[in-house]
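Open the model in your viewer and keep the sequence panel beside it. This tour tells you what to select at each stop and what you will find there.

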Amino acid sequence: MTQKQWYKGAVIYQVYPRSFQDSNNDGIGDLRGIISRIDYIKSLGVDAIWISPFFKSPMKDFGYDISDYRDIDPLFGDLNDFDELISQAHTRNIKIIIDQVLSHTSDQHQWFTDSRENQNNSKADWYVWADAKDDGTAPNNWLSIFGGGAWQWEPRRGQYYLHNFLTEQPDLNFHNPDVRKAVLDNVEFWLKKGVDGFRLDAINFCYHDAQLRDNPAKPKDKRQGRGFSEDNPYAFQYHYYNNTQPENIEFMQDIRTLLNKYPGTVSLGEISSEDSLATMAQYTQGGDKLHMGYSFELLTNDYSSEYIRTTVQTLEQRMTEGWPCWAFSNHDVERVASRWSESGEVNPQQCKMLTALLASLRGSVCMYQGEELGLGEASVAYEDLQDPYGITFWPNFKGRDGCRTPMPWDLADSSHAGFSEVKPWLPVDNAHKQQSVAIQTKDNDSILNAYREFMAWRKGQTVLLEGDIEFIETPEPVLAFYRTLESQKVLCMFNLSSKQTSIDMPTSIVKEYNELSHHKAKLSQDILTFEPYACFYAQC
């Protein structure tokens, strides 16, 4: 692969820095903690690290509310630490991708504190301001994803401002060209520091409908949650006007033009729209917008071969030029080891299968820290909650803290599993202590060692990294597809269930098949028998 295409087929390991490794014993992970574990990350065989926000922030949304885009919050270290992290990663041939939260800032950002003072200052039009209706109510019916209306009254200006997320996260006005330029200048600051790319948070939220039209109501049978609970009022609307506006396309082109000045850098857009797969295709087509699109479509409770097949096929049909990126877990959703568990308990064999499945789809892969350990969703008591989202909607929706608890590193009898010597910002789940890196490294049959083994094998399978994908109609619970590249053709099959399953498989179409130690599938006399959660790879 050329340097410009290193991302194709790459495995991107997401680090949530607050919870990865605490280096200074304040209970919160930091950049030096990541540096101290860089050899562990290297051992996973990943190609890049995506680091969630570490910028200056009042931490109302744990870093996704940024008050200074060009500095690092003291909780995480300083710019010298970041420079060292870049150097240490690049020495090991690991790329660094960082979050950029472009659609909104913190309400403590200097831009906003200036903008809210009055209606005629130099930053007056940098955020989305609107007059009240005649009866004093909000300008329209738009809702915040974090609950309640998306408008907040500001008495200094005598106007409302828009916030699609927390009240403390005012939305920037991208209809203003000065805002676009300032935002891109902030992005370039990090390009000059040597980063290899950006994960662009909520990138389809940059623009709003300039006419401020009301969103139409959504019928009850059409409501679904993608990164939010279906009983959240946010699901009650079609979000036609508060995000995913046509003007956003030009801004995607501006981002790509900037990245093209820094060869080898890439963009990965997080997209959550009314039709996320269509938006992913639109934002990546033509070679002049984003390199990759990323959505919540496989971060759902839906777990069937039909759902996964239909989701990927739909994107493949629409994304004729762009490059997909798939994930089963991240810092915003319940961990996949629990979410897709049939029993509610972590099943090691299923975790091994899911790693293989995810990394066999066409596209790049995002793996969330702890996924390689098979960590399940942590149990966090209400009094320990930190996530404002969970606190607001408890107990129907418990928020995101359950997937954000600290990484378990050392043996189970360590007080905080090697994450910190003091009480961490979220408690370490007792079940996670039994799944620590130290324990699993010593177990040849562990989820962690199976992960390392599979990723090492995958690196030698160019067809899995770059090839096309073609699905085969199979009965539940089997998911099957071909990956093809020039004369290479590999059949990939997965038993998604906890039961033994058999399927007809003419041996005439199989040249040879690869049986890694954790695959547990046998081909005999045209019958392929899968053990629970088994995988099967065959050359055709």
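## Stop 1: the second largest cavity

Select helix H9 (336–339) and helix H10 (348–358): each supplies at least two residues of the lining of the second largest cavity. Keep in mind that this is a predicted model. H10 gives the largest share of that lining, three residues.

Colour them by class and you get six nonpolar, three polar and two charged residues. The space inside the second largest cavity is about 90 Å³.

## Stop 2: the largest cavity

How many cavities of 30 Å³ or more does a search of the whole structure find? The search finds five. Go to the largest of them, which holds about 280 Å³ of space.

Select Ile-145, Phe-165, Asp-201, Glu-270 and Asp-332. Among the 21 lining residues of the largest cavity, these lie nearest its centre. By class, the lining of the largest cavity splits into eight nonpolar, six polar and seven charged residues.

## Stop 3: the barrel

Switch to cartoon view. Select the strands E1, E2, E5, E9, E10, E11, E12 and E13. These eight strands close into a barrel, in the order E1-E2-E5-E9-E10-E11-E12-E13, with parallel pairing. On average, neighbouring strands of this sheet are turned by 25° against each other, direction ignored.

Zoom in on one pair. Strand E5 (residues 95–101) and strand E9 (residues 197–201) run parallel and are joined by five bridges. Pick Ile-98, then look across to E9: its bridge partner there is Phe-198.

## Stop 4: a helix pair

Select helix H7 (residues 276–284) and helix H8 (residues 305–318). What two values describe a pair of packed helices? The angle between the axes and the distance between the axes. H7 and H8 pack at an angle of about 35°, and their axes are 9 Å apart. Their crossing is right-handed.

From H7 come Leu-277, Ala-278, Met-280 and Ala-281, and they meet Thr-311, Thr-314, Leu-315 and Arg-318 of H8. By class, this contact has five nonpolar, two polar and one charged residues.

## Stop 5: the open sheet

Move on to strands E14, E15, E16, E21 and E18. They form an open sheet of five strands in the order E14-E15-E16-E21-E18, and the pairing is antiparallel. Why is one side of E14 and of E18 left without a neighbour in the sheet? Strand E14 (468–472) and strand E18 (512–514) stand at the edges and each has a single partner strand, so one side of each has no neighbour there. From one strand to the next, the twist averages 25°.

Inside this sheet, select strand E15 (residues 478–485) and strand E16 (residues 488–495). They run antiparallel, and eight bridges join them. Pick Leu-485: its bridge partner in E16 is Gln-488.

## Stop 6: two backbone details

Step back to the loop between E14 and E15, where Pro-477 is found. The peptide bond joining Glu-476 and Pro-477 is cis, with omega about 5°.

Finish at Met-59. This residue lies in the loop between strand E3 (55–56) and strand E4 (68–72). Is its phi positive or negative? The phi of Met-59 is positive, about 65°, although Met-59 is not a glycine.

Definitions and conventions:
Residues numbered from 1 in each chain as written. Predicted model: local features only at pLDDT ≥ 70, side-chain atom pairs only at ≥ 80, totals over all residues. Heavy atoms only, no water. Pairing = 2+ DSSP bridges. Helix = DSSP H or I, 4+ residues; strand = E, 2+ residues; numbered from the N terminus. Axes fitted to C-alpha atoms, helices over the stretch in contact; angles between N-to-C directions. Left-handed = near helix turned anticlockwise from the far one by under 90°. Contact = heavy atoms within 4.5 Å. Nonpolar A, V, L, I, M, F, W, Y, C, P; charged D, E, K, R; others polar. 1 Å grid on protein atoms, 1.4 Å probe; cavity = no way out; pocket = protein on both sides within 12 Å on 5 of 7 lines; lining within 4 Å. Points joined across faces, edges and corners; volume = space filled by probe spheres on them.
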